[in-house]
Every structure is written in structure tokens, then in C-alpha cells.
Amino acid sequence: MPKSEVVELPVLNPEAVAPCCPPITAGELSVPDAERMAAMFKALSDPVRLRLFSKIASHPGGEACVCDIQDVGVSQPTVSHHLKKLREAGLLTSERRGTWVYYQVAPSVVAAMSAMLDLRATSVDS
């Protein structure tokens, strides 16, 4: 009888998972939600960071090696700086595999940002 393999699942950092905020038209954001979302949008307000985030989000398999995304017109140390800022804002998670680091969009981030900006959810017909 063959041995069954044990598959370890990653443990998500609860601080890296942004809860989904109600649409902006549904009511005022709480102070913590506003601070969390502002940090995310601030991190994405830089064109290089936005390009890196886009490359990772659209990469086949849902993750990207830093070696595949660093061609954004800046030096490698600058790419590392921008990826660090995206991680600090809770937008990305990373995992080192050997000499390379692989990045993923943090779970629920895109959904949370999209839901918050969904003006159709509670819009009133004029």
C-alpha cells in the first residue's frame, strides 16, 4: 500500500488579509478601515508599484517570481523597495524558494478594494 503524502498548506497572516469593506456609498468608513484602505491606495499610487502589482495579479498561476516581473524600467534595488512597500501595505504576500522570491496578491485584497469602490451597490436613481 503506497504511503500518502502530507501536504502542508500555507498559514495566512490575518493582518495581510484585508476584510471586505462595504461600498463607499453605504456609509462612512470606520477609522481603521479608512486607514487600511488609504494605505493600499497610497501604495498603488506610484506607477512602478501599480505596474508591479498588475504584473503579479495577472501572472499565470497567481504568483510571480521576482525574476519575471523586475523589468519595469528601474534598478533591481528599486524594484525590491517597491515590492516591500506593497507587502507593507498588505497588498502582496511573498515566499522565498531557494534564491528567488515569489509574490502573490494577498487574499481578498482586490475584492475588498473593488467592493469599496462599487458605486452601483447602493446608488439611488435620480
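The dialogue below takes the sheet and then the helices.

Mentor: Please keep in mind throughout that this is a predicted model.

Trainee: Let me begin with the sheet: in which order do its strands lie?

Mentor: The order of strands in a sheet is read from their pairing, and here an open sheet of 3 strands has the order β1-β3-β2, with antiparallel pairing. The edge strands are β1 and β2, each of which pairs on one side only. Neighbouring strands of this sheet are turned against each other by 25° on average, if direction is ignored.

Trainee: How many bridges join β3 to β1, and how many join β3 to β2?

Mentor: Strand β1, residues 63-65, pairs with β3 in the antiparallel sense over 3 bridges, while strand β2, residues 92-97, pairs with β3, also in the antiparallel sense, over 6 bridges. To follow the pairing residue by residue, look at tyrosine 103 in β3, which is the bridge partner of alanine 64 and also of serine 94.

Trainee: Which residues of β3 lie on its covered face, and which on its uncovered face?

Mentor: The general idea is that in a regular strand the side chains alternate between the two faces of the sheet. In strand β3, residues 100-105, the covered face holds Val101, Tyr103 and Val105, whereas the uncovered face holds Trp100, Tyr102 and Gln104.

Trainee: Which helix lies across β2 and β3, and at what angle does it run to β2?

Mentor: That is helix α4, residues 76-88, which runs at about 125° to β2.

Trainee: Now the helices α1 and α2: at what angle do their axes cross?

Mentor: The axes of helix α1, residues 31-44, and helix α2, residues 47-58, come within 6 Å and cross at roughly 100°. Angles of 65 to 115 degrees count as roughly perpendicular, and α1 and α2 are therefore described as roughly perpendicular to each other.

Trainee: Which residues of α1 and α2 meet there?

Mentor: From α1 come Lys42, Ala43 and Leu44, and they meet Arg49, Leu50 and Phe53 of α2. The residues of this contact divide into 4 nonpolar, no polar and 2 charged.

Key: Residues numbered from 1 in each chain as written. Predicted model: local features only at pLDDT ≥ 70, side-chain atom pairs only at ≥ 80, totals over all residues. Heavy atoms only, no water. Buried < 20%, exposed > 50% of the residue type's maximum accessible area, 1.4 Å probe, protein only. Helix = DSSP H or I, 4+ residues; strand = E, 2+ residues; numbered from the N terminus. Pairing = 2+ DSSP bridges. Axes fitted to C-alpha atoms, helices over the stretch in contact; angles between N-to-C directions. Parallel < 35°, antiparallel > 145°, perpendicular 65-115°, else oblique. Contact = heavy atoms within 4.5 Å. Nonpolar A, V, L, I, M, F, W, Y, C, P; charged D, E, K, R; others polar.
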